[in-house]
Amino acid sequence: MKKDLISMEDLTLEKIKSYLSEAKKVEGTPLQDRVRLLPGKILAALFFEPSTRTRLSFEAAMHRLGGSVIGFAEQGATSVSKGESFTDTIHTVENYCDIMVIRHPGEGTARLAANESILPVINAGDGSNQHPTQTLLDLYTIEKYLGKITGIKIAFVGDLKYSRTVHSLINALMKFSVTDFTLVAPEALKLPKYFMRTDQPGKFKFKETESLEDAIPECDILYMTRIQRERFPDLVEYEKVKDSYILSADMLKQARPHLKVLHPLPRVNEIAYNVDKTDFAGYFPQARNGVIMRQAIILKHLGVTL
Ligand code: CP
């Protein structure tokens, strides 16, 4: 086991499957047994960018394993605001904990921290690059709902240019031999070509469309994303595309009965609230699976077996 979890690109299919089976074990272990696993261990949650789910589910995961948590939820509350460097922050915090979870707007910052530190570093999202813990919980959710990952048909909708959850998940699904991808995005937010593995011509099919209605009847998983205002260099461009897709319960009348709508969340208005009460809505159970998967990740990277 590598000490760090930085990018799905670093993981083999076998390694990914080992996280999924560890998560299953976590879910099957009574809480009273789990809370005995990490007494005295400390997780540092270093969040240089806003988060609700990732930070709080890591905190919940650590508490449910009997460990404790230190950290910060914004850079302004740290000595970085006085001019301290990122690497000095890492070298300081590593004296206070056993494992670090880092979210940062800069692409490559988690890898930098991992290279600098002797402790396990978990990437909780670096800019538009990668969000591997989200991907692992997405895979866990897909497998729970569909009973498989290989061979599924998935449509990604919204911000495919900047969404790190999309980039990480496509990368992982290719390792499971998922070959059919439907990409629903406005012209300005299309998936960059380098994610389409043009080095393996013919292996993967990417159907690009601007029509959400056309994609719905064809897929098993509809993976919605938020158009991320904070990633746009020019807010005029954001205004042009911000409401490109709004999924409603009515639109899902065309869906396969087993289809699940997933979303890493937060949503803004790309999924109407009337979808929440339908059997298609999978995004809140998906968020709940985050606590399970993050317990599995913490255990594996601290070398503790269930
Ligand atoms: N899915 C996700 O990363 O959500 P947060 O930004 O709230 O952590």
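This is a predicted model: local features need pLDDT of at least 70, side-chain atom pairs count only at pLDDT 80 or more; totals for chains, interfaces and linings use all residues.
1. Helices (H or I, at least four residues) and strands (E, at least two) are DSSP runs, counted from the N terminus. Pro-266 sits in the loop that runs between strand S9 (260-262) and H10. The peptide bond joining Leu-265 to Pro-266 is cis, with omega at about 5°.

2. The partner in that bond deserves a look of its own. Leu-265 is also placed in the loop between S9 and H10. Its phi is positive, about 65°, although Leu-265 is not a glycine. Most residues other than glycine have a negative phi, and most peptide bonds are trans. Is Leu-265 buried or exposed? The cut-off for buried is under 20% relative accessible area, so Leu-265, at 12% relative accessibility, counts as buried.

3. A second residue with positive phi is Ser-177, at about 60°, and it is not a glycine either. Ser-177 belongs to the loop between helix H7 (164-175) and strand S6 (180-184). The relative accessible area of Ser-177 is 40%, so this residue is partly exposed.

4. Next, the overall division. The chain is split into domain 1 (8-130 + 288-301) and domain 2 (132-286). Taken over C-alpha atoms, the centres of domain 1 and domain 2 are 25 Å apart. In the contact between them, domain 1 takes part with 32 residues and domain 2 with 27 residues.

5. How many residues make up the largest nonpolar core? There are 58 of them, and the ones with the most contacts inside this core are Leu-139, Ile-154, Phe-156, Leu-173, Phe-181 and Met-293. The element that gives the most to this core is helix H10 (residues 283-301), with seven residues. Domain 1 (8-130 + 288-301) and domain 2 (132-286) each supply at least three residues to this core.

6. Phe-156 can stand as an example from the largest core. Its neighbours within four places in sequence are left aside here; beyond them, Phe-156 is in contact with Val-166, Leu-169, Ile-170, Leu-173, Phe-181, Thr-182, Leu-183, Val-184 and Tyr-223. Another core, of 22 residues, lies apart from the largest one; Val-184, Leu-265, Ile-271 and Val-275 are among its members.

7. The axes of helix H6 (residues 132-146) and H10 come within 8 Å and cross at roughly 115°. The crossing of H6 past H10 is right-handed. On the H6 side the residues that meet H10 include Thr-133, Leu-136, Leu-137, Tyr-140, Thr-141 and Lys-144. On the H10 side they include Pro-285, Asn-289, Gly-290, Met-293 and Ile-297.

8. Leu-136 lies in helix H6. With a relative accessible area of 0%, Leu-136 is buried. Setting aside its neighbours within four places in sequence, Leu-136 is in contact with Leu-5, Met-8, Ile-16, Tyr-19, Leu-20, Met-293 and Ile-297. Leu-136 and His-91 are separated by 45 residues in sequence and by 28 Å in space, C-alpha to C-alpha.

9. Helix H3 (residues 53-64) packs with H10 at an angle of about 55°, and their axes are 8 Å apart. That angle makes H3 oblique to H10. H3, too, passes H10 in a right-handed crossing. Among the residues making the contact are Arg-53, Ser-57, Phe-58, Ala-61 and Arg-64 of H3, with Ala-287, Val-291, Arg-294 and Ile-298 of H10.

10. The axes of helix H4 (residues 86-93) and helix H5 (residues 109-116) come within 10 Å and cross at roughly 50°. How are H4 and H5 set relative to each other? They are oblique, and H4 passes H5 in a right-handed crossing. Phe-86, Thr-87, Ile-90 and His-91 of H4 meet Thr-109, Leu-112, Ala-113 and Glu-116 of H5.

11. Is Gly-303 buried or exposed? Exposed means over 50% relative accessible area, so Gly-303 counts as exposed at 62% relative accessibility. Gly-303 and Ser-18 are 285 residues apart in sequence, and their C-alpha atoms are 13 Å apart in space.

Terms used:
Residues are numbered from 1 along each chain as its sequence is written. Side-chain values use heavy atoms; hydrogens and water are left out. A nonpolar core is a set of buried Ala, Val, Leu, Ile, Met, Phe, Trp, Tyr and Cys residues joined through side-chain atoms within 4.5 Å. Buried means under 20% relative accessible area, exposed over 50%, partly exposed in between (1.4 Å probe, protein chains only). Domain bounds come from an automatic or database domain assignment. Contact means heavy atoms within 4.5 Å. Axes are lines fitted to C-alpha atoms, for helices over the stretch in contact, and angles run from 0 to 180 degrees between N-to-C directions. Angles under 35 degrees count as roughly parallel, over 145 as roughly antiparallel, 65 to 115 as roughly perpendicular and the rest as oblique. A crossing is left-handed if the near helix is turned anticlockwise from the far one by less than a right angle, and right-handed if clockwise.
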